[in-house]
Amino acid sequence: MLTMPAFQWLIDPLPPRQFDREYWETRPLVIQRAAPDYYSDLLSLDVVDEILSCSGIHGPYVRVVHGGRIVNIPPRNGRGVFERANATEELFAELRQGATVVLQSLQEGWPPLRRFCQSLAGEFSAAFQVNVYLTPAGTQGLMPHYDTHDVFVLQIHGTKHWRIFDEAIRLPLQNQVHENQFRDRDDPAQTLDLHPGDMIYLPRGWGHAARTNDDLSIHITLGVHPINWAMTVLKAAEDIVASEPRFRESLPIAFARDDGRRRDAERRLTALLDDLRARMDAGSMVANAARDAQLGRQPALRGQLLDFVRARSLDEQTTLRRREQVEGRLSKSNGEVSLLFHGKSLTFPARVEPELSYMCESEGGFEPGSLPGDLDTEGRLTLTRRLVNEGFLTVEEPARSAQTPASNSRSS
């Protein structure tokens, strides 16, 4: 259980503002704590063992890398259920031979990592993904490379020797992948051993390579996927182009070989660019980016099926609360109020704004009958029932009364 905001805990003792000012998208950060169990609430050797042995994990959520090459695991016993039944043995066989096993997007299958990524996504306005690397002693899975997204590396078990190189490209876009720039280099800017509880932050574009020491290594790579200015501008331009036919017209016939038509093309393009800029509204673009950022935060929908059932019998005394890690934003326009959460927008008459504001700001449980505003009983129930069904609110399960041995025994 975290006693501080997720990002603050991730980089403690460094203050988040100092990270933002001095390290974010700028230079690597190394934190060595001498606290082996620091990240044990997220993952441990025992938990990874359980995941491998009990989940039947298989592609595309697992990747095997040996000497920098992706290894395809052939099925031993046919296909379908027989192939999956032996997937774990195949993974351990690769580990025995020195391969690295990568459990991809593990936040989708392990609740502590899921909750951690949800919290970070809310704090960052970005999406987070977890890949877990299992590397045998004395081996190296990936060749020296850089990533096209920022990463936090959290050492869970064993130790790894890291080499960090200067950046090869400043803030690469997703399609600007590395082309073996670091394969033959032996001039790292920094070398270190990462122990359990330690952390490295690497901005995208910085080269790195890691090799295990004398024990199996497990580390988390926490990938950060923010919304950048290029994405924001390109999205707005695409929307404008899709709505305005003039941007979809072809360049003049024969413009490539006719100087007069080429000059005409330049004049028309200048006019289109001026029009494009005039149509771009910074407020709307940032608002759309904020909506997209919410999509990167996986919704916390544990218990949603139970809520579908409980909503049918909801009354004024039912205890409700805003669902864990859900943040609602209100906006008003044209006599309506919209509630934005989970990357979607629900629209209501403006007169229900007091009730919606109260529910957005509430930190604990409340009853429909206690809501402020002018809605009558049926209106409050209709509103809250919809928000329960949409996943904004959840119904608190009544506490079960403890049974004494006498009340639970049978008479003879």
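I began with the rings and found that the structure holds 17 aromatic pairs. I counted rings of Phe, Tyr and Trp (its six-membered ring) as a pair if their centres lie within 6.5 Å, with planes under 30 degrees apart taken as stacked, over 60 as edge-to-face and the rest as tilted.

I note that this is a predicted model, in which local features need pLDDT of at least 70 and side-chain atom pairs count only at pLDDT 80 or more, while totals for chains, interfaces and linings use all residues. Residues are numbered from 1 along each chain as its sequence is written, and side-chain values use heavy atoms, with hydrogens and water left out.

**Entry 1: rings around Phe 19**

I looked up the pair of Phe 19 and Tyr 23, which is stacked, at 6.4 Å centre to centre and 20° between the planes. For burial I used relative accessible area: buried is under 20%, exposed over 50%, and partly exposed in between (1.4 Å probe, protein chains only). Phe 19 is buried at 2%, and Tyr 23 counts as buried at 11%.

I then turned to Phe 19 and Phe 152, a tilted pair at 5.8 Å centre to centre with 35° between the planes. Phe 19 lies in helix 2 and Phe 152 in strand 6 (residues 150-157), so this pair ties together parts that are 133 residues apart in sequence. Helices (H or I, at least four residues) and strands (E, at least two) are DSSP runs, numbered from the N terminus. Phe 152 is buried, as is Phe 19.

I also recorded a cluster linked by ring pairs, whose members are Phe 7, Phe 19, Tyr 23, Trp 24, Phe 124, Phe 128, Phe 152 and Tyr 201.

**Entry 2: helix 8**

I checked the span of helix 8 (residues 259-279), which has 21 residues. From first C-alpha to last, helix 8 reaches 30 Å, close to the 30 Å expected at 1.5 Å a residue; the expected span is 1.5 Å times one less than the number of residues.

Which residues of helix 8 are buried? I found Ala 265, Leu 272, Asp 275 and Leu 276. Seen down the axis of helix 8, these buried residues fall within an arc of 100°, so they line one face of the helix. The arc is that of the directions from the helix axis to the C-beta atoms. Helix 7 (229-243) is included in what covers them, by contact, meaning heavy atoms within 4.5 Å. On the other side of helix 8, I noted Asp 259, Arg 267, Asp 274, Arg 277 and Ala 278 as exposed.

At the N-terminal end of helix 8, I found a cap: a side-chain oxygen of Asp 258 lies 2.9 Å from the backbone nitrogen of Gly 260.

**Entry 3: Thr 394**

I located Thr 394 in strand 16 (residues 393-395), where Thr 394 is buried, with a relative accessible area of 7%. Its side chain and that of Asp 307 are joined by a polar contact of 2.7 Å. I took a polar contact as a pair of N or O atoms within 3.5 Å; within protein, one must be able to donate a hydrogen and the other to accept it, and residues adjacent in sequence count only if both atoms are side-chain atoms. Not counting residues up to four places away in sequence, Thr 394 touches Asp 307, Thr 319, Leu 320, Arg 321 and Arg 323.

**Entry 4: loops and backbone geometry**

I found a cis peptide bond from Asp 12 to Pro 13, with omega near 15°. Pro 13 sits in the loop between helix 1 (6-11) and helix 2 (16-22).

Leu 171 is not a glycine, although its phi is positive at about 50°. I placed Leu 171 in the loop between strand 7 (160-167) and strand 8 (190-194), partly exposed at 24% relative accessible area.

For Asn 334, I read a positive phi near 55°. Asn 334 lies in the loop between strand 13 (329-333) and strand 14 (336-341), exposed at 75%.

**Entry 5: confidence**

I recorded an average pLDDT of 88 for the protein, with 91% of the residues scoring at least 70. pLDDT is the predictor's confidence in each residue, from 0 to 100. Over residues 404-412 pLDDT stays under 50, and the model has one contact for this stretch beyond four places in sequence. Where pLDDT is low, the predicted coordinates should not be read in detail.
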